[in-house]
Amino acid sequence: MCIAVIAARISIEKSLKYTDSNVGHNVERCTISNHTAIAISINRPERRNAFRPQTVKELIRAFNDARDDPSVGVIILTGKGTDAFCSGGDQALRTEDGYSDHENFGRLNVLDLQVQIRRLPKPVIAMLTLKQVAGYAVGGGHVLHMVCDLTIAADNAIFGQTGPKVGSFDVGYGSSIMSRLVGPKKAREMWFLARFYSAVEAEKMGLINTVVPLENLERETIKWCREILRNSPTAIRVLKAAINAVDDGHAGLQEMGGNATLIFYGTEEAKEGKTAYMERRRPDFSKFNRRP
């Protein structure tokens, strides 16, 4: 993906590759008005970007790096090649206890990736890459786009769940978040019938945010990144946690609580408490208002 072609103001600063011939992701950084958007691409085009445990490990590492980089404001998740955004778990590597590649036991570590994306304090945009002829987001790949904060799709994109066709299912986010997005009746239809849906149908049911012509996909995604990066990063962080909290139970409340603590630590009231402790004196909170 060459984000540099979109506008002169945007240039790829650096490309990090954690990849061999069969697995991995590419990370591309582009600067937008002194802030950064990162594009993380699943890089298994020969398997329609189906993930295996090593793929997920590398994605988790990439998302962790993006979280820890204070210059990064938005993360774009996409897929390499001409066939798929992500076609889910690699069925050729499915075992009795998950998916296995280099190890002698199976894993379902994509569940950890889903939680990570939900709790990441920066917006994640799912995008079907400009080079794709037909961008499929199906199965576990379909769940990945649903746990992202926003989804921008080309007009040739295809969405759907394949689990029941291959003896599989997702009763976590793949069911609960889908029901939130499209309603319980439509969620049952998508799972029970395992049909595929066009981008226009997906937008109409509330599964994705917008549909754009294939040739405008990157341009539109960068436009959304620009608009997000103009806004308060703390406000975006707290709003993401608040929107997710109702579905994430105690974990969602913990995330909200952590964000509240982070904001409070920057206040004079909090600083007085710490300073008094370090100076071994009684804190004086009388100077702070008890607001209604």
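User: What is pLDDT, and over residues 130-134, under which value does it stay?
Analyst: pLDDT is the predictor's confidence in each residue, from 0 to 100. The structure is a predicted model. For residues 130-134 the model has 20 contacts beyond four places in sequence.

User: What pLDDT does the protein average?
Analyst: A score of at least 70 is reached by 76% of the residues. The protein averages a pLDDT of 79.

User: How many contacts does the stretch of residues 1-24 have beyond near neighbours in sequence?
Analyst: Over residues 1-24 the pLDDT is below 50. Beyond near neighbours in sequence, the model gives this stretch a contact count of 76.

User: Which residue of strand 10 stands opposite Ala126?
Analyst: Strand 8 pairs with strand 10 (residues 150-154) in the parallel sense, over three bridges. Strand 4 (residues 72-79) also runs parallel to strand 8 and is joined to it by three bridges, with Ile76 opposite Ile125. In strand 10, the residue opposite Ala126 is Thr151.

User: Which residues touch the most other members of the largest nonpolar core?
Analyst: The largest nonpolar core holds 56 residues. Leu207 has contacts beyond four places in sequence with residues including His142, Phe159 and Met190. The residues that touch the most other core members are Phe63, Leu77 and Leu207.

User: How many of the eight residues of helix 3 are buried?
Analyst: Helix 3 spans residues 140-147 and is mostly covered. Its buried residues include His142, His145 and Met146, and Leu207 touches these three residues. Of the eight residues in helix 3, the number buried is seven.

User: Is Phe288 buried or exposed?
Analyst: Phe288 forms a tilted aromatic pair with Phe285, 6.3 Å centre to centre and with 50 degrees between the planes. Phe285 has a relative accessible area of 31% and is partly exposed. Phe288 has 18% relative accessibility, and because the cut-off is under 20%, Phe288 counts as buried.

User: Over the ring of which residue does the charged end of Lys165 sit?
Analyst: The distance from the charged end of Lys165 to the centre of that ring is 5.3 Å. The ring belongs to Phe196.

Technical notes. Residues numbered from 1 in each chain as written. Predicted model: local features only at pLDDT ≥ 70, side-chain atom pairs only at ≥ 80, totals over all residues. Heavy atoms only, no water. Core = buried A, V, L, I, M, F, W, Y, C linked by side-chain atoms within 4.5 Å. Buried < 20%, exposed > 50% of the residue type's maximum accessible area, 1.4 Å probe, protein only. Contact = heavy atoms within 4.5 Å. Pairing = 2+ DSSP bridges. Helix = DSSP H or I, 4+ residues; strand = E, 2+ residues; numbered from the N terminus. Phe/Tyr/Trp six-rings, centres within 6.5 Å; stacked < 30°, edge-to-face > 60°. Lys NZ or Arg CZ within 6 Å of the ring centre and 35° of its normal.
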